[in-house]
Amino acid sequence: MSSSPSSATTERLTALDAAPAAGAVVPADDLGRLAQLGYRGTTIPRHRAVRWLDRVGIRTLNAFALAAAVWLALVAAMQPIAALWGATLKSVLVQCLPDMRFVSTAAGVLFARVPEPRLDAGAPSPTQWLNITAITVAVLLATALLPRRLLPAIYLLRFAALVQLSACAYFVIAPASYPYAGGAHATTMLHCGWASMLLLPWILAFCYYPLDFGWWRRIALTLVGELYFFVVTPLLAAFEAVLIQHGSLLVHPLIYLLLGPPLFVFWFVCLYGWGMSWRDARPGARK
């Protein structure tokens with residue numbers, strides 16, 4: 001396929017180049033159309049991040065109106081969501097840890113009471129410490145054998161191994177001074193999930209709603225994100241509580257860094273990237 005402009009476009013460009021020499025005035029419409037042509041003579045569409053500037057006022061108002069509506073709906077459903085999360089957490093943990101006991105946490109301004117599991121996890125036993133340390137060292141050494149094409153996985157495994165080795169050293173030096181309890185981690189995860197649900201519409205209001213997307217895309221991405229956080233949060237909290245119960249507080253620092261609040265940030269990025277990759281339902285809007 002030839003990369004040169006079409007003959008019609010070439011003739012138009014030549015005519016417009018010669019027009020000023022002849023004293024003619026180039027029509028503004030022609031200049032506007034030519035400004036959108038690429039070197040092949042094809043039209044360069046405006047990026048979706050620029051198109052919304054045509055109506056910045058109304059788009060901004062619509063974006064924040066949608067975010068406020070979703071936020072108010074979540075606040076109104078706070079009690080039912082907390083009740084469902086508490087029931088899910090209890091159901092999963094009782095199946096995995098039959099002797100689990102629960103206490104109720106205090107309610108906050110934007111969060112209801114939720115059950116907090118009372119884990120027996122404490123400082124690691126000598127056997128737990130040796131097993132976890134040996135596994136961590138083995139993982140760290142195994143990263144040297146992985147192929148270079150797996151470099152992101154190598155860095156992640158090395159980071160996890162160094163974090164775990166630092167935790168192992170800490171529990172040798174001052175095991176009694178560790179300031180966190182295993183059951184509180186489950187409550188922290190529920191709080192992070194709820195905060196993520198409240199923040200999601202406002203984050204999208206700044207970086208997604210103003211773009212030139214249809215309403216169905218904005219609402220669909222919001223509902224999918226809220227549903228994901230709603231379903232995954234209590235299950236993740238229960239899973240991590242079981243890990244801490246069996247692995248002792250020695251594994252808590254690693255779980256907190258890899259499966260705790262930073263994981264919610266990673267989910268936000270993935271959700272935004274997924275929403276931006278959806279096909280444009282209005283191809284004519286790009287012209």
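Biologist: When H5 passes H9, is the crossing left-handed or right-handed?

Modeller: This is a predicted model: local features need pLDDT of at least 70, side-chain atom pairs count only at pLDDT 80 or more, and totals for chains, interfaces and linings use all residues. Residues are numbered from 1 along each chain as its sequence is written, and side-chain values use heavy atoms, leaving out hydrogens and water. A crossing is left-handed if the near helix is turned anticlockwise from the far one by less than a right angle, and right-handed if clockwise. Where H5 passes H9, the crossing is right-handed.

Biologist: At what angle do H5 and H9 pack?

Modeller: Helices are DSSP runs (H or I, at least four residues), numbered from the N terminus. Axes are lines fitted to C-alpha atoms over the stretch in contact, and angles run from 0 to 180 degrees between N-to-C directions. H5 covers residues 78–96 and H9 residues 215–247. Their axes lie 9 Å apart, at an angle of about 35 degrees.

Biologist: How many charged residues are in the contact of H5 with H9?

Modeller: Contact means heavy atoms within 4.5 Å. Trp85 and Leu89 are among the H5 residues that meet H9, whose own side includes Phe229 and Phe230. Asp, Glu, Lys and Arg count as charged; Ala, Val, Leu, Ile, Met, Phe, Trp, Tyr, Cys and Pro as nonpolar; the others, Gly among them, as polar. The tally is 15 nonpolar, two polar, and charged residues: none.

Biologist: Why is the pair of Phe264 and Trp267 edge-to-face?

Modeller: Rings of Phe, Tyr and Trp (its six-membered ring) pair if their centres lie within 6.5 Å; planes under 30 degrees apart count as stacked, over 60 as edge-to-face and the rest as tilted. Phe264 and Trp267 both lie in H11, three residues apart. Their centres are 5.1 Å apart, and the pair is edge-to-face because the planes stand at 75 degrees.

Biologist: Is Phe264 buried or exposed?

Modeller: Buried means under 20% relative accessible area, exposed over 50%, partly exposed in between (1.4 Å probe, protein chains only). Phe264 has 3% relative accessibility, so Phe264 counts as buried.

Technical notes
Helices (H or I, at least four residues) and strands (E, at least two) are DSSP runs, numbered from the N terminus.
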